[in-house]
Amino acid sequence: SPSGIVFCRITGAALAFVVIKAVTVREKVTDRRDLLTLAGLALVGVVLNQLLFLEGVKRTTAINANILITTIPAFTLAIAIVLRRERASAAKVLGILCAAAGALYLVGPDRLRLDPATALGNGLIVCNTSLYAVYLVLSKRLLERYHPVTVVTYVFLFGALFIAPFGVAALRDVRFATEPPAVLIGLAYIVVFPSILAYYLSIWALRRTASSLVAMYVYLQPLMTAVGAPIILHERVTARAGLAAALIFAGLALATWGEQRGGRVLGAAFRPPAEGA
């Protein structure tokens, strides 16, 4: 079930981050307000975000999910502006619109299904994207004071505590010893790549640039799917993917340029923090 998968994903990542932090970063969070903020980030950015996505995908189509995910950058920029964490600029807005157009063109908005059967799933996906946008914006303040490994470790530890009651109940009747190897490999992949690696890299990037710019890279997901499908599934590459790629990369370049014009230096994104990386 979705809660069982999310439990495996969060708990596995939490254990891995605890080991990584013990080896690389000797830093503790003792401020009660920061601990409450980290717990809140775990709830919205990890537990509810992942549960709503899986429950949503279960009740809607993959095409619908791909299209609705493109709302993340718009939500992120809007929240950042409302909370006065970022300023809107013509370059950022145009970059988001350009990249979104490319992603939507690639997925094919004509295949979007809006009917009662998928309405609940679509709503859950929209809630998922808005919560992830909140997570990206609010985690940035903590990254001004703590190392990315510290932040992501505490977030996943709190997340593991929140999901534990539901996950244990969901896995009560599951016998991992009798599951096919492909299932166990799939779970391991979900823990290592979309959880440990993706969440750490997003936190690392958030420390160095705007949350709306980090969110924009979600547009690469459908593009990478279109590139990977011919290699793995032997599907045919179409001109549609090429035009979509051009729009997505143009949008990312425009938004990055806009961020630089706003007073940030691109080179800072590639320098390690003072305490080392």
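Predicted model: local features only at pLDDT ≥ 70, side-chain atom pairs only at ≥ 80, totals over all residues.
View 1. Thr 118 belongs to helix α6, residues 116-142, helices being DSSP runs of H or I with at least four residues, numbered from the N terminus. With a relative accessibility of 4%, Thr 118 counts as buried; the classes are buried under 20% relative accessible area, exposed over 50% and partly exposed in between, for a 1.4 Å probe and protein chains only.

Residues are numbered from 1 along each chain as its sequence is written. Local features need pLDDT of at least 70 and side-chain atom pairs count only at pLDDT 80 or more, whereas totals for chains, interfaces and linings use all residues, and side-chain values use heavy atoms, with hydrogens and water left out.

View 2. At its N-terminal end α2 is capped by Asp 31, of which a side-chain oxygen lies 2.8 Å from the backbone nitrogen of Arg 33. At Leu 48 the helix bends by about 35°, the bend being the angle between axes fitted to the seven residues ending there and the seven starting there.

**View 3. Tyr 135 and the largest nonpolar core.** The largest nonpolar core has 61 residues, and those with the most contacts inside it are Ile 10, Tyr 135, Val 151, Val 155, Phe 156 and Tyr 219; such a core is a set of buried Ala, Val, Leu, Ile, Met, Phe, Trp, Tyr and Cys residues joined through side-chain atoms within 4.5 Å. The largest share of this core, eight residues, comes from α2. Tyr 135 touches Leu 41, Val 44, Gly 45, Val 155, Tyr 199 and Ile 203, not counting residues up to four places away in sequence. Gly 40, which lies in helix α2, is 95 residues from Tyr 135 along the chain, yet their C-alpha atoms are separated by 8.8 Å.

**View 4. The loop at Arg 84.** Arg 84 is found in the loop between α4 (72-82) and α5 (90-107), and has a positive phi of about 60° although it is not a glycine. With a relative accessible area of 78%, Arg 84 is exposed.

Technical notes. Helix = DSSP H or I, 4+ residues; strand = E, 2+ residues; numbered from the N terminus. Polar contact = N/O pair within 3.5 Å; in protein donor to acceptor, adjacent residues only side chain to side chain. Contact = heavy atoms within 4.5 Å.
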